[in-house]
Amino acid sequence: AAGQPSDIERPCKARFGVRSADTAAFLPRCPMSSIKKLEHRVAAKRLVASLEKIIPAGVVTFAAARAGDADFATAYAQTMIPTIRYEFGVDLVPHIPFEAALLTRLANVPLLGHLFEGMKGFDYESVGTLRYFVAVGATAQGDSDELKASRTKALLADALHPNEIAAAHHAGPGGGYMTCVCGPVAP
């Protein structure tokens with residue numbers, strides 16, 4: 001009805017005592033869910049637009065899964081963002097998603113092979129400069145075909161020892177990642 005507050009105005013009037021004439025100016029601050037959702041969408045769009053202009057000084061990852069395919073890796077490299085990725089021991093996570101070649105080999109591991117049969121392999125690639133520690137106290141190694149082959153061999157050898165693989169992924173105090181990168185840290 002004419003002169004009556006609208007459905008949007010009622011909660012604002014009831015909660016804040018806003019007169020109808022003031023409602024239009026007040027609505028952007030009104031805490032109603034529909035208005036808040038609109039505000040959040042607008043804020044999210046503004047945030048995304050501003051983030052597109054921000055280039056990080058660098059990225060460091062620990063125990064991270066592979067981020068994308070070859071196209072992604074190429075596009076990421078073109079951003080020129082300095083990136084270091086730390087990987088440790090027989091940690092399985094940096095190999096996820098698995099390459100088809102590794103899946104084929106895992107499918108041949110006794111007792112566990114059936115878990116990998118029929119899984120689809122992805123040709124995802126890691127990004128950034130590798131700093132790989134084979135064990136606590138070892139010197140960091142960079143990427144090489146030799147290292148990839150030795151890591152694959154170690155993963156296959158430890159496939160029947162899930163505790164070793166889980167321990168390798170531990171990134172907290174006392175874990176291989178923390179100890180190798182930061183030195184001994186009390187747990």
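Close-up 1. At 35% relative accessibility, Phe72 is partly exposed, a class that lies between buried (under 20% relative accessible area) and exposed (over 50%), with a 1.4 Å probe and protein chains only. This is a predicted model, in which local features need pLDDT of at least 70 and side-chain atom pairs pLDDT 80 or more, while totals for chains, interfaces and linings use all residues. Residues are numbered from 1 along each chain as its sequence is written, and side-chain values use heavy atoms, leaving out hydrogens and water. Tyr76, by contrast, is buried at 17%. Both residues lie in helix 4, four residues apart, about one turn of the helix; helices (H or I, at least four residues) and strands (E, at least two) are DSSP runs numbered from the N terminus.

**Close-up 2. The aromatic pairs.** The structure holds five of them. Rings of Phe, Tyr and Trp (its six-membered ring) pair if their centres lie within 6.5 Å; planes under 30 degrees apart count as stacked, over 60 as edge-to-face and the rest as tilted. Ring pairs also join Phe62, Tyr86 and Phe133 into a cluster.

**Close-up 3. Just after helix 4.** Here Met80 takes a positive phi of about 65 degrees.
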